[in-house]
Amino acid sequence: MEERDGRREMDKQIDDLFHDPRCTSAFFDRHGGEGRSVFATKNVSFGVGDEAAVVRKNRELVRRALGLDALVSARQVHGDRVYCSSGEVSGNLSGEIDGVDALITDRPGAGLMIQQADCQAVLLFDPVRPAIAAIHCGWRGSVAGIIGKTIARMGECFGTDPADLQAAVSPSLGPCCAEFIHYKEELPTAFHAFQVRDSYFDFWAITRRQLEEGGLSRDAITVAGICTACSPDYFSYRRACRTRDGITGRNCSVIALRTTDAAENTKG
Ligand SMILES: [Zn+2]
């Protein structure tokens, strides 16, 4: 029963974001995993108090769902450092790269995984090179300009032309719930134009603007438009703070280049 329910719930994920057989990607919701109580059910973070064995199982479910050789993730710190994975990719699902919030690679089979609850995962696909990026972008990342820095790094590492990039922005805190009481101290004045009502900001629009400033065309950007604090299908830090102590799981967003075999299998 668990297995059948698991598969059914997994179907709720938003996947194949770039409609290209060379790329696989998904924004997973919190269903279909093995966690309990506040971590029910598909928490992918080792850093929130969930059982490590359960987290490993959930990551394995994600890896298998997308048919990947490995998942690469980071111990995210709301900073602006970018990690370029160009060497051998470890298959160790517990291993995390310390202190970075964006991952880029051109290696097929390696899934770049972002863990987020209200923060955005911004996934980038360069179909020309091809190369990919996965960015963890909360408000601090927005302020630090991590999106622009990641686009620049793709240019340095892979020769990516930003005009070729496509972007998908995960379910995350919407303008309905993004209240920043201390915005005058926390947010630069350039963000104040994105205030939708008193102390509430539209970070989806801020990200769109930053992607466009990075060189993407408007029609190459897709925003899921689902607020994690409003939707019970996603872990949400803000919702957990309203009702409890803020302890909750992390949603999972993944992008990967397919290996040649996997890409061939999706044809016909
Ligand atoms: Zn909301």
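This is a predicted model: local features need pLDDT of at least 70, side-chain atom pairs count only at pLDDT 80 or more; totals for chains, interfaces and linings use all residues.

Student: Which residues of α4 are buried?

Tutor: Ile146, Ile147, Thr150, Ile151, Met154 and Phe158. Buried means 20 or more other C-beta atoms lie within 10 Å of a residue's own, with C-beta atoms placed from the backbone. Helices are DSSP runs (H or I, at least four residues) and strands are too (E, at least two), numbered from the N terminus.

Student: Where on α4 do they sit?

Tutor: On the same side of α4, because they cover an arc of only 140° around the axis. That arc is taken from the directions from the helix axis to the C-beta atoms.

Student: Why would spaced-out residues point the same way?

Tutor: An α-helix has 3.6 residues a turn, so residues three or four places apart point the same way.

Student: What covers the buried residues of α4?

Tutor: The cover includes β4, β6, β8, β9, α3 and α6.

Student: And what comes just after α4?

Tutor: Gly159, with a positive phi of about 70°.

Student: New topic. Which residues touch the most other members of the largest nonpolar core?

Tutor: Leu123, Ile132, Ala134 and Val254, out of 63 residues. Such a core is a set of buried Ala, Val, Leu, Ile, Met, Phe, Trp, Tyr and Cys residues joined through C-beta atoms within 7 Å.

Student: Which strand gives the most to this core?

Tutor: β9, with six residues.

Technical notes:
Residues are numbered from 1 along each chain as its sequence is written. A residue is buried if 20 or more other C-beta atoms lie within 10 Å of its own, exposed if 12 or fewer, and partly exposed in between; C-beta atoms are placed from the backbone. Two residues are in contact if their C-beta atoms, placed from the backbone, lie within 7 Å.
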